[in-house]
Amino acid sequence: MDTKNIIEHFSNLYAGQIDSGKIGLAAIRDEAFARFSALGFPKPKDEEWRFTDISPLLDIPFTQASDVDESGILAQSLDSFWIPDVDGPKIVVANGVLSKGLSQRLNNLPFKISSVYDAKQAKVIAEFVKNSPAADSNGFTALNTSLMRDALFLDVPANTNVREPVQILFLSSGSEKPQAIFPRLIVRIGRNSRMTLIESYASRHESIYFVNGVSDIHIEENASLHHVRLQADSASAFHIGHSFVEQKQDSRYQSCSISIGSRISRHHISAILDGSGAETRLDGLYLGKGEQLLDNHTLIDHKAAHCQSHELYRGVLADKARGVFSGKILVERNAQKTDAIQNNNGLLLSEEARIDSKPQLEIYADDVRCTHGATVGQLDDEALFYLKSRGIGHNTAKGILIYAFAEEALKNIESKPIRTYVDGILNRFFREVNT
Amino acid sequence: MLKIQNLHANIEGKEILKGIDLQVNPGEVHAIMGPNGSGKSTLANVLAGREEYQVTQGTILLDDQNLLELSPEERARKGIFLAFQYPVEIPGVSNAYFLRTALNEIRKANGLEEMDAADFLMMIRRKMKKIELDNDLLHRPVNEGFSGGEKKKNEIFQMAVLEPRLAILDETDSGLDIDALRVVANGVNSLRNEKNAFIVVTHYQRLLDYIVPDFVHVLYKGQIVKSGTKELALELEEKGYDWLKNGNGR
């Protein structure tokens, strides 16, 4: 479809929204849709999308995903999506809408879970949506704002230690007709509070669908969020996700973004360090095979002085898979004593795999320490021979080396059950590419 | 145990080994000496099965089995061990994990039960003491950031754990100070028994003061030009390799 047809197609979806009045965001959504109509989807000549050709996505006439019939899904059928031995709440957002029926352990929590359908919270949520950078960042985020059917809001009050990790499963039901889903998440961690959050994306059925999600994350003074994001959508799905993180003074944000699913996926994180002493750690791991394209874009905006950011993304690509990494560190004029490190390393397991890496530093303060590094390579034959010469079989030796490479990006996941679960994903990937 | 006959080997189309004959019996230590470029390391690597080398002629038998048909890992499981001249750094893989994986793959291939983590730890603690290897090296990534001496000691430590039948030491003495050399030699000597054998490849006679060989072979231009007992090493030390180059080899 050309641009005109695409906008017309989504206009029809927009006009046909069944719930547009209900969720109290009509004006915000109208504005966002106008923005989308003006922006359209990114074009190949846009510098930010140079390596990521989204045209296969534009050829599919997606329909707005419908409500999921909760009674048609047994809660047990979602068991494989939950991390074993984690006792916190398990929140299901099905086709973009909070499903209380499929969620578990929502009661007696030290924080509030709500959605736009909760009258008491609707106003607060509307305020977040209105002020989110998503409203006008690009066509995708504007479209999310105009077509989202719900927004999930996690609100952690001040001085609260949420002990058990919170899991959110963004489930796509999948159907014969390709569906578009617009998940929206808002998280606020109050002053001096802390939480561990697992945000995962998956489907029970292999099917073509399009996830276009936005997460708005606010971390107040001296608060801390450990965030693991797991994109494990269907092999023929499309996934575009934007995380907008805003950090206040002395706050800590630690993210690990893992991408393994989808035919074409992109995760963009922007972290704005808006108070002195804030720390950001962005780790990422992308594992691709077949003809997957996995794109990670990060922007760390150092607005305040004495902030630290550490970033490590690692990619392992087999077959004809492609990886894209673009990481920008922006140090604004007042951000003296900034300490920023960025690294991206790729491991190619085949001649046809490929990674495009684009580190960017933009520095307007003079007393800062910023470094970046990028490498792309293949398995080290010397190391492989060394392991084999000690009796370790070829495939095991390869697995050991790939695991060691990938693991570096997972080191900051402190929760043991989460780490074990992610290791399982890694091992499955190795078995699949190592045959 | 090992029988090499008329071995010819190339790397990148260049012939390095030009007809090697060597027999090693259980309980023996053979030293292979020779000037740089004579093919010593090539011989060691061909025995271990490094893929870059092509064997163009000849045979290597290990207990009547054709070694050349086996992959490097299969050779290791049959008891071949190469102590590398340049041990490889493997970031992200701990020494202990690496060794336990290796040991258990070898044990499995030989019909033995895998060793569990507790037994393994007890066993390696004992062996580390012998090699005077620092305990924290065990939990560090394989060879990463190790000093030259630590790397070589780590090779000998691996040998002590894996208990090969035929160990090939490829210039293990190069770059070692006298203390490290003594530790390495003690390690080898404590492992010597009537069932295993060693091939010690070295440029210098010095190591052979500590690891006393039963036989010394001089390799020159891809052939063994002289064989003898440990006295040959002393003679070489005294006269230098030029002595060979002047035609006294044959």
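**Close-up 1. A:Phe10, a buried ring.** At 4% relative accessibility, A:Phe10 counts as buried (under 20% relative accessible area; exposed is over 50% and partly exposed in between, with a 1.4 Å probe and protein chains only). A:Phe36 is buried too, at 0%.

A quick note before going on: this is a predicted model, where local features need pLDDT of at least 70, side-chain atom pairs count only at pLDDT 80 or more, and totals for chains, interfaces and linings use all residues. Residues are numbered from 1 along each chain as its sequence is written, chains are lettered from A and ligands numbered from 1 in the order written, and side-chain values use heavy atoms, leaving out hydrogens and water.

**Close-up 2. Aromatic pairs, 16 of them over all chains.** Rings of Phe, Tyr and Trp (its six-membered ring) pair if their centres lie within 6.5 Å; planes under 30 degrees apart are stacked, over 60 edge-to-face, and the rest tilted. A:Phe10 belongs to helix H1 (residues 3-15) and A:Phe36 to helix H2 (residues 26-39), both in chain A, so their pair ties together parts 26 residues apart in sequence. Helices here are DSSP runs (H or I, at least four residues), numbered from the N terminus.

**Close-up 3. A charge over a ring.** The charged end of A:Arg390 sits over the ring of A:Tyr386, 4.9 Å from its centre (NZ of Lys or CZ of Arg within 6 Å of the ring centre and within 35 degrees of the ring normal). A:Arg314 lies over the face of A:Phe405, 4.7 Å from the ring centre.

Note on methods
Helices (H or I, at least four residues) and strands (E, at least two) are DSSP runs, numbered from the N terminus.
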